[in-house]
Amino acid sequence: VVNWFSRMRGRAVGIMEMGLPLGTAIVAILAQSIMSAGFNWRFVFLLLGIASLIVILIPSLFIVRRSPAEMGLRMDGDPPPHDVAAKSEQPESTTGTNPEVWTLRRALRTPTFWMVSLGLLLSGWTGGGIGFLLVPYFTDKGLTAGIAVAGVSAFALTGALAAPMWGALSERFSVKVLISGATIIGAGLTASGLLVNGPFGVLIFTSLFGFTIRGQNSLAVMLIVQHFGRHAFGAISGSIMQFLIVGLGIGPVAMTLIFDVSNSYLAVFTLGSVLLLGSAILFWIAPTPTYSAKLGPPPNTA
């Protein structure tokens, strides 16, 4: 998607980022329906594996193309220019991204790479940990399981709906400001989670939390491409996003252990708020990386 869009990259990335939360919700419903029909979970897992081969692997091998140039097209579906000298693709410098050509090896040597990576780890830690504990937290407060599950659904769905909005905003405003601001708001919402009470409060809290934290993945993609361009975007973003996945994995375990030790959600929500503040600071102070002699010669892009 990053290689296919330039002028409309933000909204395209936002639409793409809707896939994971929406797919999760749809697959969960389908899986439950299949098991309700009398099949066991082993059959469901087998079916999902086969579906993944058909829906993901085969199109990736035979349909997906790396760039529009491979098909004689231009980025954003723009018509061919009249000026022969302007036939090359729109340069990165005109889309607000770093004009330098980065490789993963060079990116790894910059503080920007590690600041963004750590920021996503902290954000994933909180989002994964708080999201995992939402149902027991709400039921422990005396709310019904139905209300608790509705809150989790609102968390996922608003995250999906927020992705294209954040993506579109990133085309008009600073990505650094947007992702830092969204994370700070998420930190405030996490702290206010201790005050949630009643069905209406649950839906408001989870919707806003999903809107800021779950929906910021599109901003993370835009931040990476803004700092490092699209020459090696797959390698660089894949490496950085590993930290987000690690955070999502650590969060549920760490937050559950903290609750078990303290026997209170106060420590859980307080830590989550602090982690998000740290994440916002890292996003904000991460500098635009620049070439230097110690990074070695630039890659040959001819």
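Trainee: What share of the contacts with a separation of 6 or more comes from residues 24 or more positions apart?

Mentor: Residues 24 or more positions apart make up 81% of them, where a contact means heavy atoms within 4.5 Å. Keep in mind that this is a predicted model, where local features need pLDDT of at least 70, side-chain atom pairs count only at pLDDT 80 or more, and totals for chains, interfaces and linings use all residues. Residues are numbered from 1 along each chain as its sequence is written, and side-chain values use heavy atoms, leaving out hydrogens and water.

Trainee: How do you know how compact the protein is?

Mentor: Start with the fold: 11 helices and zero strands, taken as DSSP runs numbered from the N terminus (H or I, at least four residues, for helices; E, at least two, for strands). The radius of gyration, over C-alpha atoms, is set against the globule rule, 2.2 Å times the number of residues to the power 0.38. The protein has 21 Å, close to the 19 Å that the rule gives for 302 residues, so it is as compact as a globular protein of that length.

Trainee: What makes E171 and R11 a salt bridge?

Mentor: The term asks for a side-chain nitrogen of Lys or Arg within 4 Å of a carboxyl oxygen of Asp or Glu. Here the closest N and O atoms are 2.5 Å apart, so the pair qualifies. E171 is in the loop between α6 (145–170) and α7 (175–192), while R11 is in helix α1 (residues 9–17), so the bridge ties together parts 160 residues apart in sequence. A search of the whole structure turns up one salt bridge.

Trainee: Why is E171 called partly exposed?

Mentor: Buried is under 20% relative accessible area, exposed is over 50%, and partly exposed is in between (1.4 Å probe, protein chains only). E171 has 27%, so it falls in between. R11, at 39%, is partly exposed too.

Trainee: What kind of ring pair do W41 and F45 make?

Mentor: Rings of Phe, Tyr and Trp (its six-membered ring) pair if their centres lie within 6.5 Å; planes under 30 degrees apart are stacked, over 60 edge-to-face, the rest tilted. The centres of W41 and F45 are 5.6 Å apart and the planes at 80°, so this pair is edge-to-face. Both residues belong to helix α3 (residues 41–62), four residues apart, about one helical turn. F45 is exposed at 58%, whereas W41 is partly exposed at 46%.

Trainee: How do you know that the charged end of R106 sits over the ring of W102?

Mentor: The rule wants NZ of Lys or CZ of Arg within 6 Å of the ring centre and within 35 degrees of the ring normal. R106 is listed as sitting over that ring, 5.8 Å from its centre.
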